[in-house]
Structure formats: C-alpha cells, structure tokens
Amino acid sequence: MAGSELTNIKSPRVKAARRLTKRAFRDRDRSFLAEGPQAVREALALDGVVVELFATAEAESRHADVVAAATAAGVPVHRASGEVMAELAQTVTPQGLLAVCRFVHVPLNTSVVSGSTLVAVLAHVRDPGNAGTVLRTADAAGADSVLFTDASVDPYNGKCVRASAGSLFHLPVTTGVPVARAVEHLKGAGLRVLAADGAGRQTLDDVDLSGPTAWIFGNEAWGLPEEILKLADEVVRVPIYGRAESLNLATAAAVCLYASARSQRTGPGPG
C-alpha cells in the first residue's frame, strides 16, 4: 500500500470520494461508492471498474486478498484512518474497505436481447434497500438483466449498492428507461410482460411461466398505476393464503422471479 495514511477528512482526495454520496455528483463524475469486502471483491472482478480503493489498516490485514487483487489490477490503494473511513462510509459500523467505481449500467438494447428469458423491471420503485434486494434476488434467480425505469431510485445509491450484495456487478443493469419504451423493447425481444400487482385477475397458480418473461414491479406504497398495467400482457397477483394483507415489494418480487425460474427449468405447471 503506497503512501502515508490518510487522516484528514478535509483532504481533497477524501472530499472527492465523499461527494459521491450525492446523486448529482455521481451523475457528473459517472462514479459511485461500493462499500464492504463483498461489493469491492465483485467490483474488482470487472476489468476497469474500480478507480481507487480506501482501506483501514485492520481491513488491509483482514481482507488481504481483496487488497492484493486491487494492487494486481493497478488500482491505487489508500490507507485510511478510522476517522476518514467513518467519513466516507454510509454505514454505522464501516467494514474498512470502500472503492470508488465507474458506472456499470448498459443500454437497453444490450441488457435485453433476443434470447433473454427472465428480466426484472423496477417501475417507480423509490426505496433503495428494496431495489437492491430485488437486484440481488434477480441475480440469484438467474435473470438476464434488471431495468430501472426513469422514475425509480438510482441503483448507485449507497443503500441500493449494499443491498445488492455485489449483484450490481453480476448482471446487466439498465437505468433511466421510460416504462413504455422498456415494455416495447421487451416484447420485441420475445418476452411476455407480466405486471405484478395485487389487483391482478390471475394468480401465480394460474399462469404459465415457462416461456421468456419480464416482470414489472411497482412502487412500495401504491403499486403500479393503471397506465402501466395496461402495457402488460397480463396482470398477476401473488396469492395470499393466510391473513396477511399483502407482501412487501422485495418478497413479492422474489416469489415471482423464482416461480418463473422454476417453471422455465421444469416446464409449464397446471395453469
């Protein structure tokens, strides 16, 4: 690790990284922060994504493999004091590793192509924790890509990056696309577009999910507006067998995505 330890929270290097906690600066610099060993490790697996790495002495020792990978990739590694890491980190208990990364999202025609079989679309999703969890779930379910519409949260929000647990770096992510354009492109690529909504006439038990499918998930509080429901091929609800009023967004998305993933691997069910 080259250079002396960074101890001044007002140093230009620290201030330049700290400002990436704000979306306006992320958009201007086309960079964001990835915090923690898991996120940093996954970011380093992509060539040219990590711009620089901050690490405390304790983290350097505990996660020597991550620091070594950064050094081998030619990424500048800066030792940071606990005070500086606390200034940069967005968690109550920082894990001692934080990377400045370049944006990783791709255009719509790159993330959704002919042959795509499972896509998650976040429409008007505002909570970064939910969005990151859906991204992580989509990755686990084997989805081809995740689309963040123009009215949804920034996927580079620190809470979203952390909730994705590294999945932001695993599969193609597209941002800022209008819902209507996304749906048109998805249908053109041969995917059936399903809107997940509690008002759906059909349930997951009723529909054949064995074909290429894109799921649209809506806002945490008010779901999907009528104009988006009309764009979908079908509006589908997750059946509630117990007394719960509803499922939260991330849980509903997990149920839908895994239902599709299972059906695509085993064939159509009785619906």
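Reply: A crossing is right-handed if the near helix is turned clockwise from the far one by less than a right angle, and left-handed if anticlockwise. In this predicted model, the crossing of α8 and α12 is right-handed.

Me: What makes α8 roughly parallel to α12?

Reply: Helix α8 (residues 128–140) and α12 pack at an angle of about 15° with their axes 9 Å apart. Angles under 35 degrees count as roughly parallel, and therefore α8 is roughly parallel to α12.

Me: Which residues make the contact, and how do they divide into nonpolar, polar and charged?

Reply: On α8 they include Val 134 and Ala 138, and on α12 they include Leu 249, Ala 253 and Leu 257. The residues of this contact divide into 9 nonpolar, 3 polar and no charged. Among the contacts of Phe 217 are Val 134, Leu 249, Ala 253 and Leu 257.

Me: How do you know whether Cys 101 is buried or exposed?

Reply: Cys 101, which is found in strand β4 (residues 97–102), has a relative accessible area of 0%. Buried means under 20%, so Cys 101 is buried. Away from its close neighbours in sequence, Cys 101 touches residues including Phe 32, Val 50 and Phe 169.

Me: Which residues have the most contacts inside the largest nonpolar core?

Reply: That core has 56 residues, and those with the most contacts inside it include Phe 32, Cys 101, Phe 169 and Phe 217. Helix α12 (residues 249–266) gives the most to this core, with 6 residues.

Key:
Residues are numbered from 1 along each chain as its sequence is written. This is a predicted model: local features need pLDDT of at least 70, side-chain atom pairs count only at pLDDT 80 or more; totals for chains, interfaces and linings use all residues. Side-chain values use heavy atoms; hydrogens and water are left out. A nonpolar core is a set of buried Ala, Val, Leu, Ile, Met, Phe, Trp, Tyr and Cys residues joined through side-chain atoms within 4.5 Å. Buried means under 20% relative accessible area, exposed over 50%, partly exposed in between (1.4 Å probe, protein chains only). Helices (H or I, at least four residues) and strands (E, at least two) are DSSP runs, numbered from the N terminus. Contact means heavy atoms within 4.5 Å. Axes are lines fitted to C-alpha atoms, for helices over the stretch in contact, and angles run from 0 to 180 degrees between N-to-C directions. Angles under 35 degrees count as roughly parallel, over 145 as roughly antiparallel, 65 to 115 as roughly perpendicular and the rest as oblique. Ala, Val, Leu, Ile, Met, Phe, Trp, Tyr, Cys and Pro count as nonpolar, Asp, Glu, Lys and Arg as charged, and the others, Gly among them, as polar. Lists of a residue's contacts leave out its neighbours within four places in sequence.
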